[in-house]
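Welcome! Here are some exercises to work through with the structure beside you. Try each task before you read its solution.

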Amino acid sequence: MHRAGGQAHLVTGATGLIGAAVVLQLLTDTDSDIWCLTRPRGARAARQRLHQELTRAARLYGMADTADAIARRCHALTGNLDRPLDPGTLTALPEISHIWHSGASLRAEELFADQVREVNVEGTRRLLDLCRGLGAHFNYVSTASVAPRREGLQHEAPPDATSVLHNVYERSKREAELLVMNSPTPWRILRPVMVVGHSHTYAATTFSGLYAFARRLHRFRRAYGAALEDRRPALVGAATAEVHFAPVDQVARNAVHVGLHGATGYFYHLANSRTLNVADLYTTVFRWSGLLPPHCVPAGTPLAGPDRELNRHMAGFTDYFSRRERFDCTRTQAVVGPQAMSMPMDTTTLTALLDWYGQQVSRSRSPA
Ligand SMILES: NC(=O)c1ccc[n+]([C@@H]2O[C@H](COP(=O)([O-])OP(=O)(O)OC[C@H]3O[C@@H](n4cnc5c(N)ncnc54)[C@H](OP(=O)(O)O)[C@@H]3O)[C@@H](O)[C@H]2O)c1
């Protein structure tokens, strides 16, 4: 592959799942230095956190040989997306060719609406201003869940004012997309579906989507498990609808390829061509949690007793798994190639991803 060199890149969210993988991919595909907007945490300064998180991601993804490049070419820019960037800090920046904006709050609860908006919308606005000043390209990591329609084929198209958005997170991502689209800076909007662990090692560095679903079910089982023993519960979901999970390494590889080579002013879906259905997802996650697989029932089905409790507990997720969406990837494939993303996504892979997650949880709980 042609290695892009020259000017530096600025990445947000580099301590997160997608951002870290994007940085590792940029280290592989370019010769450039990478500046990462990073917040300190506790006693750990931004630089120390950044290098620790990137090194950990590299080790988990079988890329330990990038450790030297991380130390030499990745630089922390101390900052927080929820407030203006310190002009003094910005003077450290060299010429930047691309901003990769992957930092965001993934909280969906209404309680956090103001905070989520400040980070996801106002943070994007501030970065767009910075981008204009730097004369850089703006690659915005959005989400496929703002896709315009709830059913059928979702095109790589602008957000639609009539689309149903389910929570503060989705609303903030659409608002941010509109800001990006209307900005005079050259932009690309990259929309991943739900992201899971690495396609070979199954590792992930943070755990949302699939893992949050499994975690929530596990908690339910601990609280109400006895009521579900020896009984298949009912869970809202469209049994035959496709579930879209994409491995983090392939999402990052395609994001970087599109962000360096795709035309500006367009939307790009980052989706896996291999899917599984909702019934198989539910069966696998329930069995993994030690529960009998549920019957899928349509939204609006009257439910009582433990079924009602279960559905109340899993509400945010069952909403996603009631959609019947497919994602058009024509534009992404035109840049990346026809096999843009094709990790086999079946019950065996899903179990391997969950087992890897389970091992991390057990390890973090076991006494040192
Ligand atoms: N994961 C998915 O399944 C998925 C699917 C579709 C789209 N996306 C989109 O992909 C992007 C990255 O998601 P992810 O899964 O990588 O999330 P993640 O693992 O939770 O990482 C979020 C990143 O954003 C940073 N961040 C959050 N609030 C910040 C703030 N106030 N100031 C500075 N940095 C802040 C975090 O920094 P700290 O480490 O300091 O907290 C972290 O680096 C998001 O825009 C998300 O909407 C994710």
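Helices (H or I, at least four residues) and strands (E, at least two) are DSSP runs, numbered from the N terminus. This is a predicted model: local features need pLDDT of at least 70, side-chain atom pairs count only at pLDDT 80 or more, and totals for chains, interfaces and linings use all residues. Residues are numbered from 1 along each chain as its sequence is written.

**Exercise 1.** Find which element gives the largest share of the shell around the ligand.

Step 1: Helix 1 (17-29) and strand 8 (194-196) each supply at least two residues of this shell. Step 2: The largest share, three residues, comes from helix 1.

**Exercise 2.** State how the protein is divided into domains, and how far apart the domain centres are.

Step 1: Domain bounds come from an automatic or database domain assignment. Step 2: Domain 1 covers 8-200 + 244-273 + 325-343, and domain 2 covers 210-241 + 277-323 + 355-361. Step 3: Taken over C-alpha atoms, the centres are separated by 30 Å.

**Exercise 3.** Describe the largest nonpolar core and explain where it lies.

Step 1: A nonpolar core is a set of buried Ala, Val, Leu, Ile, Met, Phe, Trp, Tyr and Cys residues joined through C-beta atoms within 7 Å; buried means that 20 or more other C-beta atoms lie within 10 Å of a residue's own, with C-beta atoms placed from the backbone. Step 2: The largest core has 101 residues, and Ala21, Val22, Val23, Leu24 and Cys36 have the most contacts inside it. Step 3: Helix 1 gives the largest share of this core, nine residues. Step 4: Domain 1 and domain 2 both give residues to this core, so it lies between them.

Key:
A residue is buried if 20 or more other C-beta atoms lie within 10 Å of its own, exposed if 12 or fewer, and partly exposed in between; C-beta atoms are placed from the backbone.
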